[in-house]
Structures are given as structure tokens and as C-alpha cells.
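Keep the 3D view open as you read.

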Number of protein chains: 2
Amino acid sequence: MADADSFLESTDGTREESMCATYLALCEHGYADLTIQRIGEEFPKSKSLIYHHYDGKDKLLRDFLSFMLTQFEDAAPFEDAMPFEDADDPGDHLDAILDHALAPSASETRREFTRAMIELRGQAAHDAKYREQFTRHDRFFPGRIATLVEAGIEAGVIKQVDPDAVATFLMATFNGSMVERVTSDADAAAAVREEADAYVRSVLLEDG
Amino acid sequence: MADADSFLESTDGTREESMCATYLALCEHGYADLTIQRIGEEFPKSKSLIYHHYDGKDKLLRDFLSFMLTQFEDAAPFEDAMPFEDADDPGDHLDAILDHALAPSASETRREFTRAMIELRGQAAHDAKYREQFTRHDRFFPGRIATLVEAGIEAGVIKQVDPDAVATFLMATFNGSMVERVTSDADAAAAVREEADAYVRSVLLEDG
């Protein structure tokens, strides 16, 4: 499974190199100061190749957003979630997801990745094409979590909750935590993880 | 108490008019396309007055962020929260806060305000001065909520939870919901409100 941390390593082919150059330029300069010139400076081949592939900065950045979201989605450990039947504690099942999304501390690489995601997310407030992609993303994660919750209800270890509502709530918590992590120093991550666990144990689990 | 919706009405004096002009320009053009020229176009007096008051766009925008956060903080109905002793249902106490922060639907004025806040928040990923202000903001709200939770514990209606952790968790949910509301069309607000209520009743309230 791909990891967000391996983002910089996947540099095969021009698209990947364009994506990598965009990422590096975004991390260094921030969205507001991002120019195609600066992206070109991070590109290892002739800059004209970027222009050949992309009809301007807007198209490049939209492809970049799609690339980032895919990386992010592939990094979530849904496949690592233990089947409820095999878990000693049914809470373990959701723990891998919560640990991933709400890790109390994060590597500088992960913070940088999150920073880039949040800057792109900010653009979606005024750009319908960005919003379209974040809409898909904001449905993808809750969809996967709802499936886990449904399996838990089937297995008799999760109460008769509304799986979609639960998943949507957790997603809002993940998004809020990501935003706070890179836009404030209030250091909320450990407390959010702790209370998300209290929510899972009190609201979801039959024997919480 | 001020309301975010009354933002546009407080136009006394040059500072307020500068803030109002910045707000209108931000709403119309988005942060990425915001220029002092465009702010000037929304300003009812001579543009030179803006330059007289502010040494460039950065200083103006920093003052604007501070103004926005104050408006936002003043709009929260903390003073409307009923004392636990007077409430028929102890849940009513936190309901006013949750209703305000997680309203399932929002007026276009409120959405526009939220959009502006989220765009400014995105900048904090790369601007230490913005991050400083959001750090203060991300501590202000949880501080007020923690005080409510402490009062509930004192009154014997809230369990022996960690008030700061609870408040921090709710704040992440509020921030996530705000971000999603204006950057995706996944329409999460009603489900988030519903599960926040489940959290309050199951994790916090003694007789939930």
C-alpha cells in the first residue's frame, strides 16, 4: 500500500515528476506564491515538457489535487483493519483508522503533506472544480468507515447506530484535526484522539 | 451580542469600512485573487485613506483576520447557555453551542463568512502571523466550552471527564464541519450535529 510519506519517491515518468515538482514548489512557497516558473525550477527535465503536458497552471494544479487525494486515500490503513471476528477487542478494529487519521504526533514529512492538502482545500472555497474533488474525497472516507461500522453491527459488536452518520462525524473530526494541526499551534491532536476513542467506546461498541 | 450576520452593518469609521471593503473583495474574488486595488474598489471613501492606515496588503489582511476572528467569537452564544441548575434537561446547556457551531443549514451570509474564514485559515499553513492568531482562536473556544463542562461536573450532571479534552474534541468537530461546509458538497452537517449529540449524551451526561 502506498504511503503519503512515499510521495516523493514515486518519480517515474513525466506526470509523476510534474507532480513531485509541484509538491516541492507548493511546500516551499505556499499556494499564494506558487507560479509555474517556481514549479519548473523543481522539475528535473526541460520545463517545456510541463507546458507540453499541461495547458497552464490551473490544469496542472487540478491534476495535482487529484494526485494528492489519491495518495492520501491509498495511505489510509483500511485493509489493515482486523475482521471483527478475529479481534480480541472489537475496538481494535477502528483503532487502526483512528491512529492513522488522528496520530497525536506526525513526522515533518506528514505535516508538510497535510499543509499542502489544507492549502489546496482552502482554494475549494472559491473553485468549483476543486470543490468537486473534495466532495468525492469527503464521501470516499466515510464510505469506507461506514462499511466497517456495518460489519461491526452485523457481527453484533457495534450498536444499532447509523453507519453513515457515524462515518460522517468521524470524517469531520479528522478534517478538523488536520486543519488545526497545520494552521494553529494549539496542539490539539492528543486530546482529539482520546475523545474520539471515548466516542467509539461509549456510542458505538456494545461492550464499550 | 454581535452576530456574524451583522458583520456588514458595522460600518462606522475608517477601520470598519476598510474591514468591510476587504470582506466584500475577499468574498467576490477569493484570497488568491485579492489585491489592494480590488479592496479599494469596495471602499466608499478615498482609497488613499486605506494606504494611510495600512502599510500594504499584508498588514491590512492581518488586521482583517483579527477583526474576523473577534466577530466570530462574539457571535458564539456562550452567554445564552442556561445555568445547569435552571435547565430541565442538562443537555440543553450545551445544545445552544452545538446548534450554533453545527447548524445543519446555514444562510448564504453565514456561508460566505465561513468561506472567508476558511480561506484565511488556509494561509496560516504558510504564514506564522496568521497561525499565531488561529492558535489564540483555537484556544479561546475550547476554553469557554471547558468552563461549561466544568460547571456541569460541579453540578453533578456531567461525568468526571477531562473538560479540556472534551472541549478540544468538540472544537475539532466544529472546525472540520466548517471546512467541509464550504469546500465540499458532501452535505455532512446534519449527520455531524446528530453524532455530536450522541457523544454529548453518551460520553458526557450522567443521565444521557
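Begin where the two chains meet: Asp185(A) forms a salt bridge with Arg131(B), with 3.7 Å between the closest N and O atoms. A salt bridge here is a side-chain nitrogen of Lys or Arg within 4 Å of a carboxyl oxygen of Asp or Glu. Side chains of opposite charge can pair when their charged atoms come close. Across the interface of chain B and chain A, the rule finds 2 salt bridges.

A word on how to read all this: the model is predicted, so local features need pLDDT of at least 70 and side-chain atom pairs count only at pLDDT 80 or more, while totals for chains, interfaces and linings use all residues. Residues are numbered from 1 along each chain as its sequence is written, chains are lettered from A and ligands numbered from 1 in the order in which they are written, and side-chain values use heavy atoms, with hydrogens and water left out.

Now look at the whole interface. In chain B, 49 residues are in contact with 48 residues of chain A, where contact means heavy atoms within 4.5 Å. The area buried between the chains is about 3800 Å², and carbon and sulfur atoms give 64% of it. Buried area is the accessible area (1.4 Å probe) that two parts lose on being put together, summed over both. On the chain B side, His126(B), Phe169(B) and Glu195(B) lose the most area to chain A, together 17% of what that side buries.

How are the two copies related to each other? Chain B can be laid on chain A by a turn of 180° and a shift of 0.0 Å along the axis, giving an RMSD of 0.0 Å; the superposition is by least squares on the C-alpha atoms of residues with pLDDT of at least 70 in both. The copies are therefore related as by a two-fold rotation axis. In chain B, the C-alpha nearest this axis belongs to Gly176(B), 1.8 Å from it.

Next, turn to the salt bridges inside chain B. Glu17(B) pairs with Lys45(B) in a salt bridge, their closest N and O atoms being 2.8 Å apart. Glu17(B) sits in helix α1 and Lys45(B) in the loop between α2 (36–41) and α3 (48–53), 28 residues apart. Helices are DSSP runs (H or I, at least four residues), and strands are too (E, at least two), numbered from the N terminus. Is Glu17(B) buried or exposed? Glu17(B) is buried, at 14% relative accessible area, whereas Lys45(B) is partly exposed at 36%. Buried means under 20% relative accessible area, exposed over 50%, and partly exposed in between (1.4 Å probe, protein chains only).

Another salt bridge joins Glu73(B) and Arg136(B), at 3.5 Å from N to O. Glu73(B) lies in helix α4 and Arg136(B) in helix α7, so this pair ties together parts that are 63 residues apart in sequence. Glu73(B) counts as buried at 8% relative accessibility, while Arg136(B) is partly exposed at 39%.

Finally, visit chain A. Asp95(A), Asp99(A), Arg193(A), Asp197(A) and Arg201(A) are linked in a network of salt bridges. Asp95(A) is also one of the buried residues of helix α5 (residues 91–101). What covers the buried residues of α5(A) includes α6 (108–123), α7 (128–154), α8 (163–183) and α9 (189–204) of chain A.
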